[in-house]
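Subject: Structure handover and notes

Dear colleague,

Please find below the structure I promised to hand over, followed by my notes on it. I would be glad if you read the notes with the model open beside them.

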Amino acid sequence: MNNAQIAAKFELLADLLEFQGANAFRVRAYRNAARTIEGLSQQISDILEDESQKLTDLDGIGKDLAEKCQVLVETGELPQLDELQKKIPQSVLAMLRIPGLGPKKAAVIYNELKIATLDELKQACLDERIRELKGFGAKTEQTILNGIDLAATAEERTYWATADKLVQRLRQHLSEAKGIEQLEIAGSYRRGKETVGDIDILVTAKSPKAAMDRLGEFSELSEVIARGDTKMSIRLENNMQVDLRVVPAKSYGAALQYFTGSKEHNVKIRGIAKQHGLKINEYGVFRIEDDGSETYVAGKTEEEVYKALGLPCFPPELRENRDVLKLAEAGVPKLITVDDIVGDMHMHTNATDGKNTLEEMVNAAIERGYQYIAITDHSKRVSMANGLDSERLLEQWKAIDKLNKKLDGQILILKGLECDILEKGGMDLPDQVLEQGDWIIASVHYGQNQSKQQITDRIVGALENSNVCIIAHPTGRLINKREPYEVDLETVFQCAKENKKFLELNANPMRLDLNDVNCLAAKERGIPLGINSDAHNIEGFNVMQYGIKQARRAGLTKADVVNTRPWKKIQKMLGR
DNA sequence: GCCGTTTTCGGCCCGACTGTTTTCAGTCG
């Protein structure tokens, strides 16, 4: 059992305990442990075998959880978890994903009305039966109803980052199969969508049987749904479906093109083929002869498939619902890559809710070869994160000055802050303090339920503040968890443009905010975007790749992004 | 359930908002 699987078991246990009304700190202990385990660079099973190491030395792992890890590694099961799962149908956990519905209220609904699925819950809301329950009312009922669809899609879609880790394990596993010649993952995973439904694997193989046998041996498999001569479908323990298709070499490119999609992209491609007297499907590109017969024209590679249609081979990230002819005419842009990024300008330290010290973050950034980073801890309004007041902030900035001197140009540390935009408008810390910093980020964390006008006014106010450089996660959405707040982005774009300010593409795989469509809109309006990790520990730097993926889907190039430039250039852009 | 320790148990991130109820529990960030 690998670390991701162990972490998933602990997360599930935490969910179930929470639903049962267990001690909140106990629940948190499981979640903390899950997070620790997921971030480990070493496998738990290896640590167990290594005499010189102890699991209890890990952050948040005590005697009890160390034992549970051992049981999981040895048996693949956890008796306590099995017990709980027998008592509580897993479907009720979906209720916890509805914003505004926590463990206590969900338990009341389950116990009083015997409701265990989202469908039943929806019906109960429509029948106005929820408002009858003690502690509930019409408004709560409406809140639940509004959140059900979000919770329902969350059940079906996995974060790209999570899918990516799974894909890497699958690739590793299949690389040991005999007889696989070519292998690629198609579908929304390949297009880099924010969330992925299922995994489509495409292979050419000397022996399809050997390839399928190998897939059937995957350690995370829970059942084989179907298996034929060319296609096999399995379900994994995490409920995700994986399809394996074996195609002949002369159709590999066509199949890859076809199964990568998107559906809309393929519809357009088929139309273009038709105009050329061609037909395209998953087997290849065919010319329709006068007598109605079909001649194979291309299909071995994607490049030759697109070429046969007179088109450039679009990067998968650009195959959403776009005007392909216009894109081809303008020339496919040279999309940004992770190597173009020279600095990270949004991160936290243990002064607030980060895990690592200032020095640790800086060293990790040096190791990554960044030219500069901005330390941007929370301001005091974010009390749960131990946000900084003026005094503590100025102290931190002093420490940064000192560290910069000591490092002597190895890296530049910018004095930053993620300053809250207050509910009533205005910044959380006074201008006399903010003006002493290098890089002030402004964020909305509270009052997300305000009206469109209120929220837009708050953000516009921040953009008009001369100390503010950039707005972080401008719509506040959390994928699968929370809808974006109401904000008039067009007004925000206008205001950012007029004040020469930037907007953020937050690389956290749960945020990726701005989304691809809004990133493109910002690009078209000439507003530079900062792609930042929002790291809360040194591992957090790694999420930059997800932000880049999203940027590529928006068609962004190096020139569209702030932190591909040296700090001096950025200062100039800000008019400083 | 973890952690640190006055080595046996109390604190753990805590303040504000919302919708309920009529003084507060639940939820969120």
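Which domains does the domain assignment of chain A give? The assignment, whose bounds come from an automatic or database source, gives domain 1 (3-156), domain 2 (158-246), domain 3 (259-330) and domain 4 (338-573). The centres of domain 1 and domain 3, taken over C-alpha atoms, are separated by 45 Å.

Before the details, please note that this is a predicted model, in which local features need pLDDT of at least 70 and side-chain atom pairs count only at pLDDT 80 or more, whereas totals for chains, interfaces and linings use all residues. Residues are numbered from 1 along each chain as its sequence is written, chains are lettered from A and ligands numbered from 1 in the order in which they are written, and side-chain values use heavy atoms, with hydrogens and water left out.

The buried residues of α9 (under 20% relative accessible area, with a 1.4 Å probe and protein chains only) include Trp-160, Leu-166, Leu-170 and Leu-174. Helices here are DSSP runs of H or I with at least four residues, and strands are runs of E with at least two, numbered from the N terminus.

Strand β7 (residues 241-246) has 5 of its 6 residues buried, so it is largely enclosed by the rest of the structure. Strand β4 (residues 199-205) runs parallel to β7, joined by 5 bridges, while strand β6 (residues 231-236) pairs with β7 in the antiparallel sense, also over 5 bridges; pairing requires that DSSP finds at least two bridges between two strands. Arg-245 of β7 is the bridge partner of Leu-202 and of Lys-231. β6 and β7 form a hairpin with 4 residues between them, and Asn-239 in the turn has a positive phi of about 85°.

With best wishes

Technical notes
Buried means under 20% relative accessible area, exposed over 50%, partly exposed in between (1.4 Å probe, protein chains only).
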